[in-house]
Amino acid sequence: MEISVDKNDLVLVPLGIQDIDEGHQRIYDALVDAYDCCLSLNRDSLFDNFLADVVYQMTLHFAYEEKMMQGHDYEGLQEHHQEHALILSNALELCSVIDGKGVLDAELVRFLLNSFLHHIQFIHGQMYRHISRVNS
Ligand SMILES: [Fe+2]
Ligand SMILES: [Fe+2]
């Protein structure tokens, strides 16, 4: 049986800035891979995936995005940064479960994926409107 995240309720919506959308896609793919690894109990792969991919991609993307917001004098930067910090700390917490040889529940990975998608759909809209206004 093939195991995968149900894409119907976890949709990644492109927002129109290529660099940002590509960063989202890399994080999304890494999270879906991690979820599949978790379900298949492939612990070594899961460990590598989280440390090398999810956290790395999040760190790169969040820093890039925050620099862009700063460059556009976005007033919601602090609030947006706090959301990034929370998502990243949740990802690191999952890493520490794996690192400590604990068993990682696939639902925790799914929760992280959901909070990442929620961030994109509901927090990014405001930022995009601001950046579009500044750039027009
Ligand atoms: Fe983002
Ligand atoms: Fe963001």
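Me: Among the elements of the protein, which helix has the highest mean pLDDT?
Reply: The model is predicted, and the protein averages a pLDDT of 83, with 82% of the residues scoring at least 70. Among the elements, the lowest mean pLDDT is 85, for helix H2 (residues 43–71). The highest, 90, belongs to residues 77–99, helix H3.

Me: How many helices and how many strands does the secondary structure of the protein have?
Reply: From the N terminus on, the elements run α-α-α-α. The count is 4 helices and 0 strands.

Me: Are H1 and H4 roughly parallel or roughly antiparallel?
Reply: The axes of H1 and H4 come within 9 Å and cross at roughly 165°. Angles over 145 degrees count as roughly antiparallel. Therefore H1 is, relative to H4, roughly antiparallel.

Me: What is the handedness of the crossing of H1 and H4?
Reply: Residues of H1 that take part in the meeting with H4 include His24, Ile27, Leu31 and Tyr35. On the H4 side, Val109, Arg110, Leu113 and Phe116 are among them. The crossing of these two helices is left-handed.

Me: What percentage of the residues in the protein is buried?
Reply: Burial here requires 20 or more other C-beta atoms within 10 Å of a residue's own. Of the 136 residues in the protein, the buried ones make up 18%.

Terms used
Residues are numbered from 1 along each chain as its sequence is written. Chains are lettered from A and ligands numbered from 1 in the order in which they are written. This is a predicted model: local features need pLDDT of at least 70, side-chain atom pairs count only at pLDDT 80 or more; totals for chains, interfaces and linings use all residues. pLDDT is the predictor's confidence in each residue, from 0 to 100. A residue is buried if 20 or more other C-beta atoms lie within 10 Å of its own, exposed if 12 or fewer, and partly exposed in between; C-beta atoms are placed from the backbone. Axes are lines fitted to C-alpha atoms, for helices over the stretch in contact, and angles run from 0 to 180 degrees between N-to-C directions. Angles under 35 degrees count as roughly parallel, over 145 as roughly antiparallel, 65 to 115 as roughly perpendicular and the rest as oblique. A crossing is left-handed if the near helix is turned anticlockwise from the far one by less than a right angle, and right-handed if clockwise. Two residues are in contact if their C-beta atoms, placed from the backbone, lie within 7 Å.
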